[in-house]
Amino acid sequence: RLQHQYSDHDVMKQLQDLAEEAKLYDCSLNFRSSDSRIQTSTFLLCLCSPVLRTMLCGCYRESWTREAWIEDVGQDAFEHAVDLWLGKTTTLSSFEELLAVGAVADRLDMKGVWKHVENVICNEIEKDGMLCVDSLICCQDLPLDRIRDVALAAAHDYFNELCESGKLLDAPESFLDALFSSDDLCVDREEDVLALLAAWSRRRGAGGAEGAGLVGKVRFGAMEPA
């Protein structure tokens, strides 16, 4: 369950009521990815998203047809994002749905919604460190600075579990570079770091430049003598 912190403000309550007023619905919003559409208010869309405002009020076809098409955005995730912007409580069934809402917020420049989703993602990683790699992979096209920091801290503590699960085999090279470079990494044996790197390289077919810099991060001097 997610809810924006200003949900009880009088202005937000009025916006929630106006969002349900069918007489104000003057445009169609089409979602190619889900092959669906909704009727809604141009004014509401312009308030919640600068991207949609440019589309609907600029010198574009949408400004006079009052019909807009959105690429790479699903209807469900969009409606959850708008509900959050309106201050409504919205329930998501999975971590993947949360990430999808974050992607919509970033795609449509809904900064308040993205900040809220980012906080929830970071809280989820802190509660379950095993989500750290999944978060990075799913959020790789989003603003990642804070999520990467929280994910890295989790990976420090859950390194052995992440190795056993195989999740680190899908981690971005930049993340492994930061992980191997850190003195906070909790690892039982340095041999495990080398074994992970070898498996990661095989998974990616990394021969040549990719992953070559990671070898230098392995502390060979800390390994047991053969």
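**Close-up views: salt bridges and a ring pair**

View 1. Lys167 is partly exposed, as its relative accessible area is 24% (buried means under 20%, exposed over 50%, partly exposed in between, with a 1.4 Å probe and protein chains only). This is a predicted model, where local features need pLDDT of at least 70, side-chain atom pairs count only at pLDDT 80 or more, and totals for chains, interfaces and linings use all residues. Residues are numbered from 1 along each chain as its sequence is written, and side-chain values use heavy atoms, leaving out hydrogens and water. Asp134 and Lys167 make a salt bridge at 3.0 Å, N to O (a side-chain nitrogen of Lys or Arg within 4 Å of a carboxyl oxygen of Asp or Glu). Asp134 sits in helix α8 (residues 132-138) and Lys167 in the loop between α10 (159-165) and α11 (173-181), 33 residues apart (helices are DSSP runs of H or I, at least four residues; strands are runs of E, at least two; numbering starts from the N terminus).

**View 2. Arg32 meets Glu71.** Here the salt bridge spans 2.4 Å, N to O. Arg32 is in the loop between β1 and β2 (36-40), and Glu71 in the loop between β3 (67-70) and α5, so the contact ties together parts 39 residues apart in sequence.

**View 3. Phe31 with Phe78.** The structure has one aromatic pair. Its ring centres are 5.3 Å apart and the planes of Phe31 and Phe78 meet at 55 degrees, so it counts as tilted (Phe, Tyr and Trp rings, the six-membered one for Trp, pair with centres within 6.5 Å; planes under 30 degrees apart are stacked, over 60 edge-to-face, the rest tilted). Phe31 is buried at 0% relative accessibility, and Phe78 is buried at 2%.
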